[in-house]
There are 2 protein chains.
Amino acid sequence: MRIDRLPFVSAEPEDLLVYGYDASKLEGRPTALAFPGSTQDLVELVRLAYEEGLSLVPRGAGTGMVGGAVPGEQPSVIVSLERMNRIMEIDTDNLVAVVEAGVVNGRFQRALKDKGLFYPPDPASLNFCTIGGNVATGAGGPRAIKYGVTRDYVLGLELVLPDGSLTTTGVRTAKGVVGYDLTRLLVGSEGTLAFVTRVLLKILPEPEQVMTLTSHFPDARTAAEAVSSVIHSGVLPRTLELMDQHSLSAVEKFRPSGLPVTGALLLVELDGPGYVVGPDLEKVKEVCAELGGTVTVARTSAAAEKLWEARRSISPALYSLRPTKINEDIVVPRSRIPEMLDRLDALSRESGILIASFGHAGDGNIHVNIMTDRTNTEEYSRARALVEKVFVHTLDLGGTLSGEHGVGLTKKPYLSMELDPVSISLMKHIKKVFDPAGIMNPGKVFPD
Amino acid sequence: MRIDRLPFVSAEPEDLLVYGYDASKLEGRPTALAFPGSTQDLVELVRLAYEEGLSLVPRGAGTGMVGGAVPGEQPSVIVSLERMNRIMEIDTDNLVAVVEAGVVNGRFQRALKDKGLFYPPDPASLNFCTIGGNVATGAGGPRAIKYGVTRDYVLGLELVLPDGSLTTTGVRTAKGVVGYDLTRLLVGSEGTLAFVTRVLLKILPEPEQVMTLTSHFPDARTAAEAVSSVIHSGVLPRTLELMDQHSLSAVEKFRPSGLPVTGALLLVELDGPGYVVGPDLEKVKEVCAELGGTVTVARTSAAAEKLWEARRSISPALYSLRPTKINEDIVVPRSRIPEMLDRLDALSRESGILIASFGHAGDGNIHVNIMTDRTNTEEYSRARALVEKVFVHTLDLGGTLSGEHGVGLTKKPYLSMELDPVSISLMKHIKKVFDPAGIMNPGKVFPD
């Protein structure tokens, strides 16, 4: 391979092994790995790979849940953007920043905090995942209810197309309607259209205060009802996270932090100037009390951090219940969450398979965890069959199959449950516009 | 023509005349007019037109400023969506609404207000323009600084493609990352890709209070500096409108309302619960006072409405200065507004042609009005030549040629000043995906 001559390309067996899988636990075998250090490096690589007929799989930090960074059948180069990790610019006057794709979300957040600024999108993997990966998946996070998702912060992109040509999209301003919106077309395109090398982001002033509180309810259904009531009270919390009983007890087994192990819990954050947060808190207390909820305010930042550690540990903690987790990130309209939870309970009872639910209840985004054991073939296949049933109920309630993880490999068999053939055909043709040779992350998103 | 047989098609000469132009004052001559009353009507029309080789020009209320709804050279059917004007659904639980494309923005706003709800995008033509037209242009408005633009509220679309096929895009939830974002690709596509027949919109609870105030400054530069200072104080007003001296004096000539006629004025709206608006006002007063601004609060809703009437009358009032107005809606990063105003002043001085500036200073979106007289050929050609100079300065300061009007016919000669050839080529190929026959609003956006 001619690409071997590039100083930033490796074909070492241990590298090929390590970079062959991602957080989906799916695995593939790349032909080579590339670690470009600049857009110029990437352009050189892409041109050579194009000539050699190699496919290209862009990779951020490999924290994706749907196998989007796992190589497929075609001879593929995994292109890790991790070395392109410079924060190029933070414009405090106009509240925009420019970062390279490999900048880790959490590092960017800390750099902004030092200047009194704020970048809201906060996927649970924020201390590892990259902004480029966030753009590729259209990542969300707990703060989406108030602040929106990655899509709402990406103002422009620098792109390397699969033929090695370079372009920039978007504008440095919130308004801008010159030509088609290539920027948002790329957000959530899962590395199938082009490489994102730089990202122009909208940023915000840091809120003066953040207050963290929990409200404990007798059951998940009531907690879900409280979510709608809070929003209708006129208060818009920046997070409204739901943990069901299974999630709570898993966390307490895994890393005890004094959470209740019965009922269900809402984890709520309020932010803004002091003159907003105080009255907002009173409203939330009132609304929760009406539904039998007990509100506890985290009085110190350490206490608040402990609650968030518990929240972030749900995902690993669930493995203490069963060894294998099938994790889907469905969304339903907020008012349908109670019904969705009822239907998940029914599916769990009928199948005898545990389903733990938690997630971003404020925007209807529920992480549904079907807990099973991959080595028990019979049970595992029944568990897998539950996925489609969960999706049927999700769509029946007006929802979507993925709120923030994307389609990748794991959800592509279900794509046509949500999208009609006309839309899928348009998307496949748009892919051909960007990638006529079909070498950008092939085999992802669209069923063959 | 076979389309003549359709009961909702007209070829009456007076109809052809009236629907041949739009607010750009450009004019064309359509072959026929169609007024479909439903998606089914439209599908039938599109199929027949496709077979007959007729082009299709979608039209909302014809309030567009760039000639997007004006027929070009090809034999074209103007398709007015005005009869498709039903508000299909207002979901108060999940804060989404479904409207047909022909629903007038202001009517939708009033229907929501009756339910204590709120749809922020408010172009100056809101009492005439349609939601479908807002989607086509990616319309903005004064409230964009706090609440964003049309793009930020469109969750999904029903589309009729130029071959008559039907598809729906998007989801009813804020999160959703299944497939490419066709929804946002369509927003701002100026009727060149497909017909938008229904729009799924995010809506908000109505803010408890709105407070309107003005701050008068000695000159436009200082007023523009105050805009940045207000935002850095942590207050996010829902509008921050700037009127320069020319705009103020034109309004006072046209319809006297007691505004100052020297210096420059900021028109500011604060909204939220009472416990937010009060302290926010104190901050704004303080910031403006530091820069020599004098704040006056509108104590009654009638007084506030009078200010907004004055603001909305700038555009017609400018005709009292000169008979012809060349109106561009450039955007620059907020901190560059003072410099842009200086450069506009210099252009005006050098050319001897009056330039009046006003607009959405909060988001850097300035309506630059080059005032001239079309019948004075020599002056008019110098005035037209100023447009390109304005654009050169706009781009030099990191801005964009259009914040909310779009490209249409009037800006297409300048498209390649902002977009590189790779992006333009991608866009043209995307157009071919949706419209292989090239019959959707041909001749718009892209230079030939």
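Across the interface of chain A and chain B in this predicted model, the rule finds 34 residue pairs in polar contact, both residues of each pair being at pLDDT 80 or more. The elements that give two or more residues to the side of chain A that touches chain B include β9 (166–170), α6 (182–186) and α7 (220–232) of chain A, and also α9 (274–290), α14 (415–418) and α15 (421–434) of chain A. Of these, α15(A) gives the most to that side, with nine residues. By class, the residues of the side of chain A that touches chain B divide into 32 nonpolar, 28 polar and 17 charged.

Charged partners also meet across this interface, where the rule finds six salt bridges. In one salt bridge, A:K175 is paired with B:D363, and the closest N and O atoms are 3.4 Å apart. In terms of contact, 77 residues of chain A are in contact with 77 residues of chain B.

How are the two chains related to each other? Chain A can be laid on chain B with an RMSD of 0.0 Å by a turn of 180 degrees, together with a shift of 0.0 Å along the axis. That is the relation of a two-fold axis. The same surface serves both copies, since 100% of the contact residues of chain A recur in chain B.

A second boundary lies inside chain A. The domain assignment of chain A gives domain 1 (2–80), domain 2 (87–205) and domain 3 (209–411). The C-alpha centres of domain 1 of chain A and domain 3 of chain A lie 35 Å apart, and seven residues of domain 1 are in contact with eight residues of domain 3. Which residues of domain 1 of chain A supply 76% of the area that it buries against domain 3 of chain A? They are A:K25, A:M65 and A:V66, which supply more than any other three residues. Between domain 1 and domain 3 of chain A the count is zero salt bridges, while three residue pairs, both at pLDDT 80 or more, are in polar contact. The side of domain 1 of chain A that touches domain 3 of chain A has four nonpolar, two polar and one charged residues.

The size of an interface is often given as the accessible area lost when the parts come together. The table sets out this area for both boundaries.

| Parts | Buried area | Share on carbon and sulfur atoms |
|---|---|---|
| Chain A and chain B | about 6,200 Å² | 63% |
| Domain 1 of chain A and domain 3 of chain A | about 620 Å² | 65% |

How values were computed: Residues are numbered from 1 along each chain as its sequence is written. Chains are lettered from A and ligands numbered from 1 in the order in which they are written. This is a predicted model: local features need pLDDT of at least 70, side-chain atom pairs count only at pLDDT 80 or more; totals for chains, interfaces and linings use all residues. Side-chain values use heavy atoms; hydrogens and water are left out. Copies are superposed by least squares on the C-alpha atoms of residues with pLDDT of at least 70 in both. Contact means heavy atoms within 4.5 Å. Domain bounds come from an automatic or database domain assignment. Buried area is the accessible area (1.4 Å probe) that two parts lose on being put together, summed over both. A salt bridge is a side-chain nitrogen of Lys or Arg within 4 Å of a carboxyl oxygen of Asp or Glu. A polar contact is a pair of N or O atoms within 3.5 Å; within protein, one must be able to donate a hydrogen and the other to accept it, and residues adjacent in sequence count only if both atoms are side-chain atoms. Ala, Val, Leu, Ile, Met, Phe, Trp, Tyr, Cys and Pro count as nonpolar, Asp, Glu, Lys and Arg as charged, and the others, Gly among them, as polar. Helices (H or I, at least four residues) and strands (E, at least two) are DSSP runs, numbered from the N terminus.
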